[in-house]
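Here's a quick walk through a few spots worth a look. Keep the 3D view open as you read.

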Amino acid sequence: HDACVARLRVGWRLAALVALPGDPGDAGDSGPEGERELCAVLADDAAGTLELATTRVTAAGYPALTVAAPAAQALERELFETHGIRPQGHPWLKPLRRHADLEPAAAGAPVHDFFRVEGPGIHEVAVGPVHAGIIEPGHFRFQCHGETVLSLEIQLGYQHRGAEALLLAGSPARRLVVAESLAGDTAVGHALAYCTALEGLAGVDVPLAAQVLRGVGLELERLANHVGDLGALAGDVGYLPGAAWLGRLRAEFLNALVELSGNRFGRGLVVPGGVRRGIDGVRVGDLLARLERAERDLTTVVEVMLGTPSVISRFEHTGIVSRTTADDLGLVGPIARASGCDRDVRQDHPAGVFRFAMIPLSRADSGDVLARAFVRSLEAQRALTFVREQLRELREGPLATPLPPLAPDALAVALCEGWRGEIAHVAATGPTGELAAYKVVDPSLHNWFGLAIALRGNQISDFPLCNKSFNLSYAGHDL
């Protein structure tokens with residue numbers, strides 16, 4: 001505890017918190033007396049290093065890290081509700097995913113009603129969990145004075161599928177399908193993190209040609225989602241030309257993923273040891289021509305959109321998250337970079353092709369909707385440049401290396417900068433090399449609380465705009 005807190009207070013981050021299996025004969029998850037090994041994955045972004053801090057705990061628990069480092073709050077709540085390991089002194093042990101009327105929470109979990117603000121003129125607005133159209137389920141409880149939001153509490157868990165258990169129980173082929181489905185719009189990112197963890201446990205080096213194609217797939221996924229988000233932001237403020245054009249351009253980048261992988265969402269591209277398929281010279285030429293046309297349109301539309309006074313007036317000063325708040329909450333990805341944080345796995349902990357081809361950091365400082373839109377536009381442009389450069393220099397070579405048996409009693413951490421931010425997968429093996437523990441941390445787990453803070457002091461009518469500027473995953477949070 002003291003070692004973790006000392007590092008967190010000087011700028012390290014808590015990337016994951018994992019309960020590893022107990023020794024043979026321990027009660028494990030089946031009883032309160034079972035002793036578990038608790039492992040914290042700590043990231044020093046400035047030095048580009050990771051550390052593992054471990055300790056032995058029982059269900060009686062340990063001193064909560066959240067007291068000193070609020071960024072640990074969701075990870076510790078999840079640990080308690082999943083394994084019954086109590087972070088002593090945690091200020092808010094409300095379940096993340098389990099609903100009392102649907103499934104039991106951890107033994108002894110306190111009942112947490114929704115937070116309420118009392119006083120003259122205060123009213124409560126409850127939104128969801130069922131939403132219009134095909135929006136995924138989530139419940140948002142606002143405490144308002146007039147139109148001003150004093151507090152927003154977000155209740156998720158409606159997409160809880162037990163994905164980590166499926167990763168442990170499934171066959172190798174099924175595990176990859178589950179990994180691609182952890183967050184459906186991040187199939188490449190989660191598949192890459194999953195395969196990287198297995199390759200670390202197997203001691204395998206991925207061929208360079210496969211590393212390049214993996215990086216191209218990851219950046220095309222980033223492009224498609226950032227461009228789609230910019231179009232949705234335009235629609236939220238009634239700027240219909242931007243919504244229409246950017247919606248069309250999103251389809252162009254999804255179609256580029258089809259050219260690369262055979263699937264509009266990149267499924268099937270990344271496999272353990274490399275990639276499933278390559279791309280020949282003719283298809284590379286067609287893909288480059290498609291990207292060149294799309295880049296001209298994207299540059300023009302974004303310049304016009306972010307230069308339109310009616311758009312700027314709605315984006316600017318809306319949903320502000322300060323640099324201090326972003327650091328305290330451990331926010332990641334474009335949301336953190338829009339608040340001035342220099343945080344990007346591709347820069348801080350590079351792997352694969354990103355060790356050789358660096359993408360400039362895209363950052364803003366104002367922390368509002370305008371900053372989040374600006375960062376997305378920069379990242380889209382730089383992803384396009386990266387993809388075109390890599391495709392032009394693509395060389396033939398092996399596309400995969402066979403994966404040998406995994407090392408016994410080993411642990412691997414894989415970090416990947418998905419389009420929403422840092423994806424962390426932690427895999428551990430047992431004495432015969434079988435997967436014994438698997439932990440997934442989607443960037444949404446870090447960032448949902450940031451959305452709740454961003455709404456404070458804003459008009460409730462700005463919630464759709466703020467929500468879209470974060471565009472977090474329900475499924476990736478609920479797993």
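## A buried asparagine

Asn225 counts as buried because its relative accessibility is 11%, under the 20% cut-off. Keep in mind that this is a predicted model. You'll find Asn225 in helix H6, which covers residues 208-236.

So what does the side chain of Asn225 have around it? One of its polar atoms sits 2.9 Å from the backbone oxygen of Glu221. There's also a polar atom of the Asn225 side chain 3.2 Å from the backbone oxygen of Asp185. Leaving aside residues up to four places away in sequence, Asn225 touches Asp185 and Trp419.

## How H7 and H8 pack

Two packed helices are described by the angle between their axes and the distance between the axes. For helix H7 (residues 240-261) and helix H8 (residues 281-305), the axes come within 10 Å and cross at roughly 160°. That crossing angle is why H7 counts as roughly antiparallel to H8. The crossing of H7 past H8 is left-handed.

## Helix H13

Helix H13 runs over residues 369-392, 24 residues in total. From first C-alpha to last, H13 reaches 35 Å, close to the 34 Å expected at 1.5 Å a residue. H13 is mostly covered, with 17 of its 24 residues buried.

Conventions
Residues are numbered from 1 along each chain as its sequence is written. This is a predicted model: local features need pLDDT of at least 70, side-chain atom pairs count only at pLDDT 80 or more; totals for chains, interfaces and linings use all residues. Side-chain values use heavy atoms; hydrogens and water are left out. Helices (H or I, at least four residues) and strands (E, at least two) are DSSP runs, numbered from the N terminus. Buried means under 20% relative accessible area, exposed over 50%, partly exposed in between (1.4 Å probe, protein chains only). A polar contact is a pair of N or O atoms within 3.5 Å; within protein, one must be able to donate a hydrogen and the other to accept it, and residues adjacent in sequence count only if both atoms are side-chain atoms. Contact means heavy atoms within 4.5 Å. The expected span of a helix is 1.5 Å times one less than its number of residues. Axes are lines fitted to C-alpha atoms, for helices over the stretch in contact, and angles run from 0 to 180 degrees between N-to-C directions. Angles under 35 degrees count as roughly parallel, over 145 as roughly antiparallel, 65 to 115 as roughly perpendicular and the rest as oblique. A crossing is left-handed if the near helix is turned anticlockwise from the far one by less than a right angle, and right-handed if clockwise.
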